[in-house]
Amino acid sequence: MTAILRTAPIRLVMLASMTLLAACALPRSGPNKNEIFDGAVERGGNTQVIYVNDHVTRASSFAATYGFSASFRSAGQVGADDIRPGDVLGLSIWENVDDGLLTSLGASSTQLTEIQVDSDGYIFVPYAGRVRAAGSTPDQLRQNITQRLSAQTPDPQVTVQRIAGDGATVSVVGRVGAQGVYPIERPTRSLSAMLARAGGVAIEPEIAVVTVKRGNDSGRVWLTDLYASPSNDIALRPGDLVVVEEDQRNFTALGALGGQTRVPLGNETINAVEAIAMVGGLNSGLADPTGVFVLRDEPESVASRVLGKPVVGTQRFAYVLDLTRPNGLFLARDFLIRDGDTVYVTEAPYVQWQKTLSAVTGSAATADSLTSIGN
C-alpha cells in the first residue's frame, strides 16, 4: 500500500506532462478554423476573413480574360507573293529597238540576275534608278520598272521573278501536329488556317491557349474562343510566332481533402465544388464541412467591391464556405476558383479530440510502463 501511495504522485506528474506535451504537438494537416479567424483584420491580423454569400460570389466573380488587342485585330491580310527585304529577284528586260539602253547590239533582251532587295526594301535597276520593291508583288514591281524605263526607251517589256527567299513566313511551335516554319500562302493567311496547316492542335481544345508574338507585342486567346468568334481569327503577319500550349493556371489543394497537391484548373472557369471534386472531395473521416476556405490575394478593385468600401492595394482574403448551410452547396457552386488560389479544408473539432484522447490513453499506458520499471 505504501509503495502504491509513493508511486502515485510520480505517475500523475508523468501522465500530466505527457498529456500536455501530446496536446501541444498533435499531428494535423494545418490550422483549425479558429486559428484562421484569429488572423482576421477585426482581430488585429492582416487577412479579410469573409463568409461567402450571394453578394460575395457576384463581387468576386472576376476571371482573367484572353484576347487580341486592336492592333492585332486591325492588321490586314498580307499578299502571299509580296516581296520582302532579303529576297533575291531576277529581271528580264526587252527593248523594242536594235540598240537599246540595256541590250547589246543584236540582242533583244537583258537578264539582270540575283538582284537582292536591301534592308530598306529597295533594288537598283540601271536607268530606272532605286526602285521600291518590298511590299509589292512581282507584277506591281514589273509595272513600276516598266513605267520608269518607258521614258527612256520605247515600249519596254519587263518580267520579275523571285529567285530566292521564302517571302512571308510564320513559325508555329508547341502542342501542334507538326511544328515548323510555314509560308503565308493564300489559304493560310489567318490564324486558324495556319494552325490547320501545322497539323492542328494536339491537346484538348478546352485547355489549349494560342499565343501570337509579333515583335515586342503579344496576344493570346483560348482555342475555343478562336473558333467561336471570327474577330479572334486574326490575319498573320510575316515573322509572327504562334505558340500553342496547355493552360498553365492552377490552384493548390490542402487540408482534409482527398488529395493535397497543385491542380491544373483544366478549364476556362471552375467553381469551388468542382475544385473540391477534382482532388477526391472532402475526407469524410477528417473534414469539417463548415470550414472550407479559399485563400487568395484580391486586386484593389475586386477587394473594394467585396468589402463595399474603398481599399488601397492588394488585399489578402480568406473566403469561408460553410457547406452545411441551407444554400451552402449552391454558393460553393457559384464561387469561382482563380489561378493561384489555395483551397484549404480544416479538420473537424472531434478529430482533434480523438487525437487528444488517443494521446492521453497512450500517455497513460506509457506512464504505467515507466512506473512498473521504477518498481
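The model is predicted, so local features need pLDDT of at least 70 and side-chain atom pairs count only at pLDDT 80 or more, while totals for chains, interfaces and linings use all residues. Residues are numbered from 1 along each chain as its sequence is written, and side-chain values use heavy atoms, with hydrogens and water left out.

Me: Which residues does Arg214 contact?
Reply: Contact means heavy atoms within 4.5 Å. Leaving aside neighbours within four places in sequence, Arg214 is in contact with residues including Phe72, Ile234, Leu236 and Asp240.

Me: Where is Arg214 found?
Reply: Arg214 belongs to strand 9 (residues 208-214). Helices (H or I, at least four residues) and strands (E, at least two) are DSSP runs, numbered from the N terminus.

Me: What makes strand 9 largely enclosed by the rest of the structure?
Reply: Six of its seven residues are buried, and strand 9 is therefore largely enclosed.

Me: How do you know that strand 9 pairs with strand 10?
Reply: Two strands pair if DSSP finds at least two bridges between them. Strand 9 and strand 10 (residues 217-222) have six bridges, in the antiparallel sense. Thr211 stands opposite Arg220 in strand 10. In the hairpin of these strands, with two residues between them, Gly215 takes a positive phi near 65 degrees.

Me: How many bridges join strand 9 to strand 11?
Reply: Six bridges join strand 9 to strand 11 (residues 241-246), and the two run antiparallel. Val210 has Val244 of strand 11 as its bridge partner.

Me: Why is Tyr127 called partly exposed?
Reply: Tyr127 has 44% relative accessibility, so it counts as partly exposed. Tyr127 lies in the loop between strand 4 (122-125) and strand 5 (129-132), and has a positive phi of about 70 degrees although it is not a glycine.

Me: What makes Asp155 partly exposed?
Reply: At 49% relative accessibility, Asp155 counts as partly exposed. Asp155 is in the loop between helix 5 (138-150) and strand 6 (157-164).

Me: What polar contact does the side chain of Asp288 make?
Reply: A polar contact is a pair of N or O atoms within 3.5 Å; within protein, one must be able to donate a hydrogen and the other to accept it, and residues adjacent in sequence count only if both atoms are side-chain atoms. The side chains of Asp288 and Thr290 are joined by one of 2.7 Å.

Technical notes: Buried means under 20% relative accessible area, exposed over 50%, partly exposed in between (1.4 Å probe, protein chains only).
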